[in-house]
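Please look over the following notes alongside the model.

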Amino acid sequence: MTVKVEILKPAIGAKVWFDRAQIGDPALSVQLQELLDKHTVLIFPRIGLSDQEQLALTDALGERINITAQVPGKGDAAEVYQVTLDEGANIEAEYVLGTWFWHMDGLTTSVAPPRATMLSARKLAPKGGQTEFASTRAAYAALPDEEKAELEGLRVVHTVTASVREVCGPEALDEARRGMFHVHPLVWTRPNGVKSLVIGSTADRIEGLSQPEARSLLARLLDWTAQPDFSYRHKWEEGDCVIWDNTCALHRVVPYAPESGRMMHRTAIAGLEAVA
Ligand SMILES: [Fe+2]
C-alpha cells in the first residue's frame, strides 16, 4: 500500500494520495487516522469518491454519525448531507449561510462533537466557495501563559441562533433548531493533556462575564486562531475530498452565489468524548 503525503503548513494541512481501492483496508485506516491526528486537515486531491465510497471511507475511519438527524424532527435525514444553497436541493438556506462564519460542527447538542467531518466537492462555484480551516489546538498552544490561565474554567453557551446572527433573526430558523444550545468549557483538555479552544459562531455568551466582555474575548480568540500560521484555505477542484478533525479546528466557507449550484456532500464521524 502506497500513501503519499505532502505537508502544507507545520500547524495545519496535508495532501494525501492513496488508491481508493484500498478503502476499508485496516492498515490504510490506521495511517489516515494518524495523519488526521497530526495534520488536522487532510486533502485527498481529485479522488472522485462516489457517495458509497465516501460512506465506506467514513465507516473505515470511525463510527459514522448523521449530524442532521440529531436535530429534533429530522431523524430521517439522508446519510449523505448535501451542503448547498441551491433552492431545489436544500430548504435550510439560513442554516447553510451560517457556514460562511467560523464554526465547529455539532456544538449545540449534548452529543459529543463529531471527531471529524468529510466533504466531497461535487459542483464548484465559479467564484468563492473555498473552505478555510483554522487550528484551535495550535492557536491555544501559542497563547501566552498568562492568557491561558485567564481562560481556564470559563464556560461558553453555544446556540444555533448565535450561529446565524449575521444571516437572519431567530424567527427564520425552524423551531427545532431555534431552541438548540449546549454549554462547553472554553478550553478543551484531552485525556492526553492536549488543549484546544472551543469557539466559533455558535458561541453566544460566557457564563459570569458581561456580554461586551464575552463577545470581545470570543472575537479576539477567533482573530488569533485565524492567523495565517494556524489556518489553511482550500481551493477546491472537482472530485476533491477533505476530512478535518472537528475537535481541534474551525472551518468556514468563502461566500459564493446560491445560483452557482455549488454542491458538497458531507458525512461525519462520531466524537469519542464530550468537551471536558
Ligand atoms: Fe460546518
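Which element gives the largest share of the lining of the second largest cavity?

1. That share, 3 residues, comes from strand S16, where strands (E, at least two residues) and helices (H or I, at least four) are DSSP runs numbered from the N terminus. The residues lining this second largest cavity include Ile 65, Glu 79, Tyr 81 and Arg 266.

2. The model is predicted, so local features need pLDDT of at least 70 and side-chain atom pairs count only at pLDDT 80 or more, while totals for chains, interfaces and linings use all residues. Residues are numbered from 1 along each chain as its sequence is written, and side-chain values use heavy atoms, with hydrogens and water left out.

3. The iron ion is coordinated by His 103 (NE2), Asp 105 (OD) and His 251 (NE2), at 2.2 Å, donors being N, O and S atoms within 2.8 Å of the metal (3.2 Å for Na, K and Ca); water is not among the atoms, so the site may look incomplete. His 103 lies in the loop between helix H3 (93-97) and S6, and His 251 in strand S15 (residues 249-253), so the pair ties together parts that are 148 residues apart in sequence. Both His 103 and His 251 are buried, that is, under 20% relative accessible area, with exposed meaning over 50% and partly exposed in between (1.4 Å probe, protein chains only).

4. In helix H2 (residues 51-61), Gln 54, Leu 55, Leu 57, Thr 58 and Leu 61 are buried. Seen down the axis of H2, these residues fall within an arc of 160° (taken from the directions from the axis to the C-beta atoms), so they line one face of the helix.

Methods:
1 Å grid on protein atoms, 1.4 Å probe; cavity = no way out; pocket = protein on both sides within 12 Å on 5 of 7 lines; lining within 4 Å.
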